[in-house]
Amino acid sequence: MASTADFLNFILSRISSAGEITYKSTQGNYNIYCNGKMVALIREDRLFVKNTEAGKLYMKKYLEVPPYSGARPCLLITDLSDELFVLADVIRITYDELPLPSRKSTKKD
């Protein structure tokens, strides 16, 4: 099942203050980026935030599950009704703990 544009827009509106938020569509679902780092995923209208120790300490309601078969566990945010700043804060906290994305090496002949 794909995610809806309405759910994507709802999440984007809740996390917009975390930084420069962008997204990429992936087979009807979405990868969410903050300042260039992938910090979350939307799968089947559910929000999965990358698994970090700081994120787990901050969030009170989540499940630790993989967003799809074969993926590393993420924090499935189970309560999206929290105050507006909560989701933006967990995105910012997650961003701060994640390493910079590795550069893909280009093969030169």
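The structure holds two aromatic pairs, where rings of Phe, Tyr and Trp (its six-membered ring) count as paired if their centres lie within 6.5 Å, and where planes under 30 degrees apart are called stacked, over 60 edge-to-face and the rest tilted. Before I go through them, let me say that this is a predicted model, in which local features need pLDDT of at least 70 and side-chain atom pairs count only at pLDDT 80 or more, whereas totals for chains, interfaces and linings use all residues. Residues are numbered from 1 along each chain as its sequence is written, and side-chain values use heavy atoms, with hydrogens and water left out.

Phe 7 and Phe 10 make a tilted pair, with 6.4 Å from centre to centre and 40° between the planes. These two residues are three apart in helix H1, and are therefore separated by about one helical turn; helices (H or I, at least four residues) and strands (E, at least two) are DSSP runs here, numbered from the N terminus. Phe 7 counts as buried at 13% relative accessibility, while Phe 10, at 33%, is partly exposed; buried means under 20% relative accessible area, exposed over 50%, and partly exposed in between, with a 1.4 Å probe and protein chains only. The rings of Tyr 23 and Tyr 30 have centres 5.7 Å apart and planes at 80°, so this pair is edge-to-face. Here Tyr 23 is partly exposed, with a relative accessible area of 41%, and Tyr 30 is buried at 12%.

A further ring to look at is that of Tyr 95, because the charged end of Lys 37 sits over this ring, 4.2 Å from its centre (the criterion being that NZ of Lys or CZ of Arg is within 6 Å of the ring centre and within 35 degrees of the ring normal). Tyr 95 is also touched by Asn 35, which, leaving out residues up to four places away in sequence, has Gly 19 and Glu 20 as its other contacts, contact meaning heavy atoms within 4.5 Å. Asn 35 lies in the loop between E2 and E3 and is partly exposed, with a relative accessible area of 38%.

Now to the interior. In soluble globular proteins, nonpolar side chains tend to be buried together. By nonpolar core I mean a set of buried Ala, Val, Leu, Ile, Met, Phe, Trp, Tyr and Cys residues joined through side-chain atoms within 4.5 Å. The largest such core has 25 residues, of which Ile 21, Ile 32, Ile 42, Leu 47, Val 49 and Ile 91 touch the most other members. Two or more residues each come from helix H1 (5–15), strands E2 (29–34), E3 (37–43), E4 (46–49) and E6 (74–77), and helix H3 (84–97), and H3 gives the most, with six. Taking Leu 47 as an example, and leaving aside neighbours within four places in sequence, its contacts include Phe 7, Ile 11, Ile 42, Leu 76 and Leu 87.

Ser 17 is in the loop between H1 and strand E1 (21–26) and counts as exposed, at 52% relative accessibility. Beyond four places in sequence, Ser 17 touches Ala 88 and Arg 92. Its C-alpha atom is 16 Å from that of Met 38, a residue 21 positions away in sequence.

On a 1 Å grid over the protein atoms alone, a pocket is an open set of points with protein on both sides within 12 Å along at least five of seven lines, a 1.4 Å probe is used, and lining residues have an atom within 4 Å of a point. Of the 16 lining residues, Met 38, Lys 50, Asn 51, Arg 72 and Leu 98 are the closest to the pocket centre, and E3 supplies the largest share of the lining, three residues. Asn 51 is also touched by Lys 56, which is placed in helix H2 (residues 53–58).
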